[in-house]
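Below is a walk through a predicted model of two chains, one element at a time. Please keep the sequence and the structure in view while reading.

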Amino acid sequence: MRISDHSTLYVFGRVFRRLLVISVAGVIASCSAIQGYPPDPENSSAVLASLQPYFQPSQADTYIKETDPAQRRQLRDIIVLSQVRAYDIEFNNFEKSLYSSGNGISTGSDLVLLVLNGLGATLGGVAVKAALAAASTGVVGAQSAISKDLYYQKTLPALLAQMEANRSAVELTIFTGLTQEDAKYSLLHAYLDLEALKQAGGIPQAITNITQQAANANDASQTKIQELRSLRFSNSTSSQRIREWLNSGKKDAQGKRGLNQANSDALQQWMDSDTTDPTLKNIPVEQLVDGDSPGLEADRQRALADPKLKIP
Amino acid sequence: MVCGTFTITQIASGDVDGVVERYKANKPPPVSVAKTLAPDGTWTVTATFPPCPSNTSHSTGSK
């Protein structure tokens, strides 16, 4: 091994030692992070144990054998509400564990392993070329770990919100059902809704709902774009004002002003960054300027009122 | 990303060149811009941009 190889290894060793210190500090910091929930005075394990009898098939047998409608309704309500309570507790525990793992999966912990691997490979007396390759692999792996954790942390709130929304919808169905007579909303019917409640608190259903919502939003957006593909020429005041602003370029030989490209670019940039009408980023500037459409008229009014564009 | 075909119809003669110029000023520019005279004396300008990706749920607007 050449002298330059040794000095390179020495420098890499120092860099990785510093990375290790930073990563360990990150892990320690994440361990002492606040949990995000106040302490629960209730012993949820004990409550869950006390609710277990209401999941036994014998409860349904007792209900079925009961002939008095008022008694059947009372039995139904107790069984259903007890099961809802149990599902609520389990969901809260699940939600807390997800939230904790979302904050607790530190990029630091993954980085420590990756840096250690990198150190081992780098300081193991192998040639510099091999050490550099190993170090490079460590860095690439570290980037992958960061992306995974950040993705998880950013996605988690949306999943939790969707799960809560799904559960609320099913609970509304159950509570509405319980206001009815047993003949109209039997325990067997309630069991179907309780099963739906159990599924509603899961990640797969939340992902399905979110994906479907995104697909629906995309379909609506594409339909709107389709409606804007062929439009009549607009003679509205807003169109005329924007046309004059765009046609403020240099004069040609006949003294007629040409297009002001800077203004056209500014308007296109405004369209691309607009959040009120997401279809604007998918249509040409000309469609906005001269398209006769109520929606585009509203967009033109917003463009005229935006001080950033400075349209006279 | 702008894709497919866009059309403005019933354009007066004095306005048609401006419409063509503004379509061409788009970034990225259309693949082609064509103007046709309608029987009523007005103009129709059609700008053709690159085809829409196959995963979009709408048609490309091509006829």
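In helix 9 of chain A, the residues A:I242, A:W245 and A:L246 are buried. Because these residues span an arc of only 95° around the axis, they lie on the same side of helix 9 of chain A. The face turned away from that buried side carries A:T237 and A:E244, which are exposed. What covers the buried residues of helix 9 of chain A? The cover includes helix 10, helix 11 and helix 12 of chain A, and also helix 1 of chain B.

Setting aside neighbours within four places in sequence, A:I283 is in contact with A:I225, A:L228 and A:L288, and with B:V2 and B:F6 of chain B.

Next comes the contact between the chains. Chain A contributes 28 residues to it and chain B contributes 24 residues. On the side of chain A that touches chain B, two or more residues come from each of helix 8 (203-227), strand 1 (230-232), helix 9 (237-246), helix 10 (261-273) and helix 11 (285-290) of chain A. Helix 8 of chain A gives the most, with six residues. Sorted by class, this side of chain A has nine nonpolar, 12 polar and seven charged residues.

The chains are also joined through strand pairing. Strand 1 of chain A runs parallel to strand 1 (residues 5-11) of chain B, and three bridges join them.

Within chain B, the pairing goes on. Strand 1 of chain B is antiparallel to strand 3 of chain B, with five bridges between them, and B:T7 has B:T46 in strand 3 as its bridge partner. Strand 3 of chain B also pairs with strand 2 (residues 32-37) of chain B, in the antiparallel sense and over six bridges; B:S32 stands opposite B:T48 there. The hairpin of strand 2 and strand 3 of chain B has five residues between the strands, and B:G41 takes a positive phi near 90° in it.

Put together, these pairings give an open sheet of four strands in the order 1(A)-1(B)-3(B)-2(B), with mixed pairing. Strand 1 of chain A and strand 2 of chain B stand at the edges with a single partner strand each, so each has one side without a neighbour in the sheet. On average, neighbouring strands of the sheet are turned by 15° against each other, direction ignored. Helix 1 of chain B packs on this sheet and touches strand 1, strand 2 and strand 3 of chain B; the direction of this helix makes about 5° with that of strand 3 of chain B.

Finally, consider chain A as a whole. How many helices and strands are there in chain A? Chain A has 12 helices and one strand, and from the N terminus on its elements run α-α-α-α-α-α-α-α-β-α-α-α-α. Of its 312 residues, 21% count as buried. Among contacts in chain A between residues at least 6 apart in sequence, 71% join residues at least 24 apart.

Conventions. Residues are numbered from 1 along each chain as its sequence is written. Chains are lettered from A and ligands numbered from 1 in the order in which they are written. This is a predicted model: local features need pLDDT of at least 70, side-chain atom pairs count only at pLDDT 80 or more; totals for chains, interfaces and linings use all residues. Two residues are in contact if their C-beta atoms, placed from the backbone, lie within 7 Å. Ala, Val, Leu, Ile, Met, Phe, Trp, Tyr, Cys and Pro count as nonpolar, Asp, Glu, Lys and Arg as charged, and the others, Gly among them, as polar. Two strands pair if DSSP finds at least two bridges between them. A residue is buried if 20 or more other C-beta atoms lie within 10 Å of its own, exposed if 12 or fewer, and partly exposed in between; C-beta atoms are placed from the backbone. The arc is that of the directions from the helix axis to the C-beta atoms. Axes are lines fitted to C-alpha atoms, for helices over the stretch in contact, and angles run from 0 to 180 degrees between N-to-C directions.
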